[in-house]
Amino acid sequence: MGWLRCYFNTFCLGGAALCWLFFSTLVAAPFLLLCADKTGTRVRKFVFFQSRGIMRFMRWASSGWQVQTAPVPAGSRVIVANHASALDLYTVSLFGFDNVVYVTKEWVFRLPFFGYIMRAAGYIDAGHTTPQEMLSRCQEAVKNGCDIVFFPQGSRKDPQARFKSGAFYLAEQLHLPVVPLAIAGTQQMLPVGQWHIKPARIVLKLFPAVYPQDFTGPLGHLHMAQSVKKQIMSFVNKENNA
Amino acid sequence: MITREEIIKHTNEALEKEFEFRAEQLVPSARLRDDLGLDSLDALDMVVVLEQQFGVTLRQGYDLRTIITLEDLYNFIEKIAREHNK
């Protein structure tokens, strides 16, 4: 029966999710173009709405579903999460973060259709920006009331990879709290390089914010990255082995 | 005077501790950017880590862009340590 569920997930739910992404964009695109605002806020809100839809399909495809939330500080925040599956991108929406700027790799911007939306939403291409440019783009996003989302492992290939310190350096420079998000189960549901959606138990946990001022010294951001990684990965590894 | 073996040992120890590399990744021919995945901010962090490890200043008066591999890094630290001891 496992294979039947896998086929149902892939062809019915996966297909429906792709149709949802495609047709909702098709319907919304003219309105977004007509009512475009300079900051891209409307596009980001639309992406939030789309992501909530994807989360619904993901929930149906899962064999278990658990969302653990925590109070988050007001104002802009840097959200950091582990990254092992393409599905991770949509999980941020579950916690009500509806105005977020993702910092992603440059190849994602070359995707037809999605690349256009990402540019319109003001997402930041990490491959083509220097640390200084990144800082000023993020500063601008914070001025527009956005949260900034990073996947500090940079790639889905190694789920245990170290957390690069860029996101934490940025939080330190802009005096923003860091909100860690642990994502467990998406790697089993849709692993890298595969397109079969397997039923898996999904557990998402938002941790209380961590503050840059608690990590002092010239390597404070590096130590914050290590500490947040430890917090996230110990939870993810425990859930994945449960 | 610190020996080359000590430089290699201390450098690798610092990189393993602060950047979570495994010992087998730290071969002299490993390229810092392409093989070890260090980006521009990591490079700055690495300089601070090595300054703390060896008690020398690496940031001023040197062109760090010429350091491509770990071997280059060992040579660079050896040169600085020699100058420091003069």
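How do the residues of the lining of the largest cavity divide into nonpolar, polar and charged? In this predicted model, the division is 7 nonpolar, 2 polar and 2 charged.

**View 1. The largest cavity and its lining.** One cavity of 30 Å³ or more is counted in the model, and the space within the largest cavity amounts to about 70 Å³. Its lining consists of R44(A), V47(A), F48(A), S51(A), V92(A), S93(A), F97(A), D98(A), V100(A), Y102(A) and Y123(A).

**View 2. Elements of chain A that line the cavity.** At least two residues of the lining come from each of α2 (41-61) and β3 (100-104) of chain A. The greatest contribution is that of α2(A), which supplies 4 residues.

**View 3. The interface of chain B and chain A.** In this interface, 14 residues of chain B are in contact with 13 residues of chain A. About 1200 Å² is buried between the two chains, and carbon and sulfur atoms account for 48% of that area. Of the area that chain B buries against chain A, 43% is supplied by E18(B), E20(B) and L41(B), more than by any other three residues.

**View 4. Polar and charged pairs across the interface.** Between chain B and chain A, 4 salt bridges are found, together with 7 residue pairs in polar contact. D42(B) is joined to K164(A) by a salt bridge in which the closest N and O atoms lie 3.9 Å apart. On the side of chain B that touches chain A, two or more residues each come from α1 (4-19) and α2 (40-54) of chain B. Here α2(B) gives the most, with 7 residues. The residues of this side of chain B comprise 5 nonpolar, 3 polar and 6 charged.

Technical notes. Residues numbered from 1 in each chain as written. Chains lettered and ligands numbered in written order. Predicted model: local features only at pLDDT ≥ 70, side-chain atom pairs only at ≥ 80, totals over all residues. Heavy atoms only, no water. 1 Å grid on protein atoms, 1.4 Å probe; cavity = no way out; pocket = protein on both sides within 12 Å on 5 of 7 lines; lining within 4 Å. Points joined across faces, edges and corners; volume = space filled by probe spheres on them. Nonpolar A, V, L, I, M, F, W, Y, C, P; charged D, E, K, R; others polar. Contact = heavy atoms within 4.5 Å. Buried area = accessible area lost by both parts, 1.4 Å probe. Salt bridge = Lys/Arg side-chain N within 4 Å of Asp/Glu carboxyl O. Polar contact = N/O pair within 3.5 Å; in protein donor to acceptor, adjacent residues only side chain to side chain.
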